[in-house]
Amino acid sequence: MIDALRQRARLNALIRAFFAQRDVLEVETPIMSAAGNTEPNIEGFRTHFTGHVDAGSPQRWLRTSPEYPLKRLLAAGVGDCYELGRVFRNGEAGGRHNPEFTMLEWYRVGWDHHRLIAETVELVREALAMVGREASLRVLTYRELFIGSVQLDPFSASEAQLRAALGDVGIQPDGLTRDDWLDLLMTHRIQSGFQADQITVIHDWPATQAALARIRPGEPPLAERFELYLGAVELANGYHELNDAVEQRQRFQRDLAVRAARGGEQLPLDERFLRALPSMPACAGVAVGVDRLLMALAGTPRIADVLAFDFAHA
């Protein structure tokens, strides 16, 4: 454990030096928010403030990422910025998951996702160098990945073809959408084939998986989003950021509809974020799982090995 704590301290220092050299400002944003994350596959922790009612909404959610307040700061003119801090996701505990974990998130004004890919790769390579390791780089589109890995075009293959490509993976199909089948193929068939000492970057995702990314018109339209993997482990998720508040509100409402269909909780939208979004400059942003990166540096599949105390011992 002590070695793991020292490694974490070294990585934190490397991250802060990396951004100081590039004049990217470190900021801190609230951990408790009056709004929740509407993403259907992410559940937040809820708490209740017992103080004076003038202090604001008593119902609060622990942040699942610092994304919305960071974008409010961008809209206020803070410029390039990052945050290194704890985030919280309910129901996620296991070998690679802890309900509280460390996330690094940063934004670059005037950049697109391709330029940010290069900087993210640079940061990961500097972290690997800290333990005397190197990694090759493979960058390809989502379509290229699927055609090369499972011989299917993810944009034209039928759901039956996607299901068949899972082979003997036993999945209960009730309620699953096309995007669910694509995700299952990624996690159960494709990721395991990524080489151990290789950084793999996948960009140009389906528009239906845009989240908070811009969508580039075309046939098919594509989300200007990327994911970065080290070996088979996903480390980063980045976007050429959407700053259209009307479109973002519609996406949040679609999330809530999915939640309702699944019997999930209906959450208040982050209205402060939506009001600020039209003032946010064109930018790209990315979130990196710091604990996942530490796991890769330590060569362990267990997140508990890089924490002072995991959830079971907290």
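The model is predicted, so local features need pLDDT of at least 70 and side-chain atom pairs count only at pLDDT 80 or more, while totals for chains, interfaces and linings use all residues. Residues are numbered from 1 along each chain as its sequence is written, and side-chain values use heavy atoms, with hydrogens and water left out.

Strands are DSSP runs of E, at least two residues, numbered from the N terminus; helices are runs of H or I, at least four. Two strands pair if DSSP finds at least two bridges between them. The open sheet has the order E2-E4-E3, with antiparallel pairing.

Next select Leu230, Gly231, Val233, Met295 and Ala296, the closest to the centre of the second largest pocket among its 14 lining residues. A pocket is an open set of points on a 1 Å grid over the protein atoms alone, where a 1.4 Å probe fits, with protein on both sides within 12 Å along at least five of seven lines; lining residues have an atom within 4 Å of a point. Helix H9 gives the most to this lining, three residues.

**The cysteines**

Finally, select cysteine 81 and cysteine 283. Their sulfurs are 8.6 Å apart, too far for a bond, as a disulfide needs two cysteine sulfur atoms within 2.5 Å. The whole structure has zero disulfides.
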